[in-house]
Amino acid sequence: MVPNSNHSHPLALITGASSGIGEAFARRLAARGFNLVLVARRRDRLDELRREFESSGDIAAEVLAVDLTQPAGICVVEDKIASAENLQLVINNAGFGSRGLFHTISIEKQELMHRLHVIATMRLSHAALRRMAIQRSGGIVNVSSVAGFLQGPSNVSYCATKAWMNSFTEGLYLELRRARLPIKVQALCPGFTHSEFHDTMGMDRSVVPKNWWMTSEDVVDASLRGLERGDLFVVPGWRYNSFVKLLRLLPRSLRHTLVRNAR
Ligand SMILES: NC(=O)c1ccc[n+]([C@@H]2O[C@H](COP(=O)([O-])OP(=O)(O)OC[C@H]3O[C@@H](n4cnc5c(N)ncnc54)[C@H](OP(=O)(O)O)[C@@H]3O)[C@@H](O)[C@H]2O)c1
């Protein structure tokens, strides 16, 4: 249902809304009548999206151009969450990948990854839940990855931070159920998805077979369906879904053999 007054629209805050999965969340949620807070570093991209939403309907969109690896950037978003009216959804989506053996790549870059995937997700979830617990409604989607279910060479910090996201979200899920709070939490775990992610990483997409690629829109649709059902883990696409189920059944030694033999 789409509410008819701008102020009565539910509000969604999306980090990493300037491209890929975050941008697809913004479009899908705007179409469902959400007002939006769009967070990322590239203000021009966010402003363009804001203008598009505002000109095509009665959706209000606000832009927060901040760097979420920095405490000051996180603070701006925490303050927004604390004062936002009718906040119904927070999507912790901002993220990036890197390639290379752990000891050979910049430690500073890996620290930034931990700050973005772990610290920003933790702090913004905390701010959101304080508010949602009082209003007794809302939901949080933490955009993790299939990589959160495994470890692999040249991807150590990425897999570790996404495994943290999975564990953190599962902990919240259990805690909220025990506290009988009707707030939904989801770890969204996509596989290879078309976005700017692999350009930023400098990865050649052709090494992955075509039918293992998904669109950001398909990933977001799976997440929103999962949110309606209250699913804790959402792994979009039957291939990845079966892969994760298999991974979870395999003993660690076999998982290691699988990863060692994968390209
Ligand atoms: N694409 C895939 O294959 C894939 C697979 C599994 C999981 N994921 C996850 O999906 C999420 C979204 O990625 P995507 O695929 O949509 O990639 P993307 O197109 O590169 O989008 C990443 C978003 O994160 C934002 N971001 C990056 N660093 C930031 C920072 N320091 N502060 C604030 N915002 C920041 C970027 O905006 P600015 O540059 O404007 O700041 C951008 O909006 C990530 O968490 C990623 O790990 C992606």
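Mentor: Let us take the loop between helix 5 and strand 6 (184–188), where R180 is placed. Please bear in mind that this is a predicted model. The phi angle of R180 is near 55°, which is a positive value in a residue other than glycine.

R136 lies in the loop between helix 4 and strand 5 (139–143). Its phi is about 55°, again positive although R136 is not a glycine. R136 has 10 other C-beta atoms within 10 Å, so this residue is exposed.

Helix 5 comprises residues 156–178, and its axis comes within 9 Å of the axis of helix 4. The two axes cross at roughly 10°. Angles under 35 degrees count as roughly parallel, and helix 4 and helix 5 are therefore roughly parallel to each other. On the side of helix 4, the contact is made by Q110, M113, H114, H117, V118, T121, M122 and S125. Helix 5 contributes S157, Y158, T161, K162, W164, M165, F168 and L172.

The largest nonpolar core has 65 residues, of which I14, L36 and L38 touch the most other members. Helix 4 (residues 107–135) gives the most to this core, namely seven residues. As a general background, nonpolar side chains tend to be buried together in soluble globular proteins. What does L36 touch, leaving aside residues up to four places away in sequence? The list consists of A12, I14, A26, L29, A30, F53, I59 and A61.

Finally, we may turn to the ligand. There are 29 residues around the ligand, and G16, G20, R41, R42 and G95 come nearest. Two elements give two or more residues to this shell: helix 1 (20–31) and helix 6 (197–201). Helix 1 gives the most, with three residues. The shell divides into 11 nonpolar, 13 polar and five charged residues.

Technical notes. Residues numbered from 1 in each chain as written. Predicted model: local features only at pLDDT ≥ 70, side-chain atom pairs only at ≥ 80, totals over all residues. Core = buried A, V, L, I, M, F, W, Y, C linked by C-beta atoms within 7 Å. Buried ≥ 20, exposed ≤ 12 C-beta atoms within 10 Å, placed from the backbone. Helix = DSSP H or I, 4+ residues; strand = E, 2+ residues; numbered from the N terminus. Contact = placed C-beta atoms within 7 Å. Near = placed C-beta within 6 Å. Nonpolar A, V, L, I, M, F, W, Y, C, P; charged D, E, K, R; others polar. Axes fitted to C-alpha atoms, helices over the stretch in contact; angles between N-to-C directions. Parallel < 35°, antiparallel > 145°, perpendicular 65-115°, else oblique.
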